[in-house]
Amino acid sequence: MDQNYSTTHDPSTNTEPLGMAPTSSPLSQNMTNDDKTTTGGFQAQKKGIINASGTDPNKILPFQYPWAREYYKQGVANNWTAEEVSMQRDIELWKTPGALSDDERRMILWNLGFFSTAESLTANNIVLAVYNHVTNPECRQYLLRQAYEEAIHTDTFIYCCDSLSLDPDEIYNMYLTVPTVKAKDEYVVKFTQSVMDSNFSTTGTANIQKFIFDVVGFYIIMEGIFFYAGFAMMLSLLRNNKMIGIGEQFQYIMRDESIHVNFGAELINTIVAENPEVWTPEFKAQITEAIKGAVDLEIKYAEDCLPRGILGLRADTVSDYVRHIADRRLERINLDTVYGVENPFPWMSEIMDLSKEKNFFESRVTEYQTGGNLDW
Ligand SMILES: [Fe+2]
Ligand SMILES: [Fe+2]
């Protein structure tokens, strides 16, 4: 029904709307003659997903980007909270000596350590960088939804630490003390630092490329690659009927993250479509190299989490899964694939595809839907 509204925006007025990034320019500033159209006597800038100082961020209808609205609705339909999931059996298993092997405990702790802080890094980037420069109101509505989901994910790791009586200093310092975790976080932050500068603006080809790099860094690399070895490991535990509470929470997080990755990819593809001059062979090669570097770090992380095979997982099969996932991310943003590796874990796709089916590990319905999307 929303699609009825999905026409282009009305012509804007020539006053700067409230809610723009502090660095945004007045309507006529930084515009070439090509950027301007004359509508009703006013000079209005062409609408775009970035640099749209003519967009009123408070006027959501009619939609200009219906896909952003669609991802918002998918996010709402997947609503969940950490404390809905019982941790009782996890607590019993975790506290029973010998119930889990040392290698299983290591793998669980390393993933809790990585995700607990990665969720905050991601949330900060949405609020402090992306939201500032993406002024289109339906995209902002999605970003607010995504920020809420990242808060739920952050809450999940607080809940897991509390339930299992883990040492918070140990878990929340692992992004500094575990070299393979630290390397991943530093890699993403390094690529995205310039965008966090309060003087940064997305004006001009070089700055648009920097902004795209930020979106690649967090949406494609962090949420789309660095989360996926961990997802495969934690969902293997669930398949082996161990730590089923944490496993179920990771399943919900993965479902949310798959929408985050799709939104990020659509954001990149839209910026490129609206600013085709930025998509040079050199820039595309730079992004592909960044993704290859991320795959190498994710493989090192998997080897560190899985020094020996457990739960039907080995570091080399997890590595192939990471390569397979990276190719899917490259395709999604219209870049050539690199690895050509078969998916070694087809069951991961089955989990993603579960739709209103009972969770095959438990009797609980995982894919419950709420609100207007509920199919009675
Ligand atoms: Fe998240
Ligand atoms: Fe996310």
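Me: In this predicted model, are helix 8 and helix 10 roughly parallel or antiparallel to each other?
Reply: Helix 8 and helix 10, the latter spanning residues 244-274, pack at an angle of about 160°, with axes 9 Å apart. Angles over 145 degrees count as roughly antiparallel. The two helices, helix 8 and helix 10, are therefore roughly antiparallel.

Me: Which residues of helix 10 make the contact with helix 8, and how many residues of this contact are nonpolar?
Reply: From helix 10 come Glu257, His260, Val261, Gly264, Ala265, Leu267, Ile268 and Ile271. They meet residues of helix 8 that include Ile208, Ile212 and Tyr219. By class, the contact of helix 8 with helix 10 has three polar and two charged residues, and its nonpolar residues number eleven.

Me: How is helix 11 oriented relative to helix 12?
Reply: Helix 11 (residues 281-305) and helix 12 (residues 315-332) pack at an angle of about 155°, and their axes are 9 Å apart. Because angles over 145 degrees count as roughly antiparallel, helix 11 is placed relative to helix 12 as roughly antiparallel.

Me: What is the handedness of the crossing of helix 11 and helix 12?
Reply: Among the residues that meet there are Val295 and Ile299 in helix 11 and Val322 and Ala326 in helix 12. The crossing of these two helices is right-handed.

Me: Which residues touch the most other members of the largest nonpolar core?
Reply: This core has 91 residues, and the two that touch the most other members are Ile225 and Val322. Its largest share, 13 residues, comes from helix 8 (residues 205-226).

Conventions:
Residues are numbered from 1 along each chain as its sequence is written. Chains are lettered from A and ligands numbered from 1 in the order in which they are written. This is a predicted model: local features need pLDDT of at least 70, side-chain atom pairs count only at pLDDT 80 or more; totals for chains, interfaces and linings use all residues. A nonpolar core is a set of buried Ala, Val, Leu, Ile, Met, Phe, Trp, Tyr and Cys residues joined through C-beta atoms within 7 Å. A residue is buried if 20 or more other C-beta atoms lie within 10 Å of its own, exposed if 12 or fewer, and partly exposed in between; C-beta atoms are placed from the backbone. Helices (H or I, at least four residues) and strands (E, at least two) are DSSP runs, numbered from the N terminus. Axes are lines fitted to C-alpha atoms, for helices over the stretch in contact, and angles run from 0 to 180 degrees between N-to-C directions. Angles under 35 degrees count as roughly parallel, over 145 as roughly antiparallel, 65 to 115 as roughly perpendicular and the rest as oblique. A crossing is left-handed if the near helix is turned anticlockwise from the far one by less than a right angle, and right-handed if clockwise. Two residues are in contact if their C-beta atoms, placed from the backbone, lie within 7 Å. Ala, Val, Leu, Ile, Met, Phe, Trp, Tyr, Cys and Pro count as nonpolar, Asp, Glu, Lys and Arg as charged, and the others, Gly among them, as polar.
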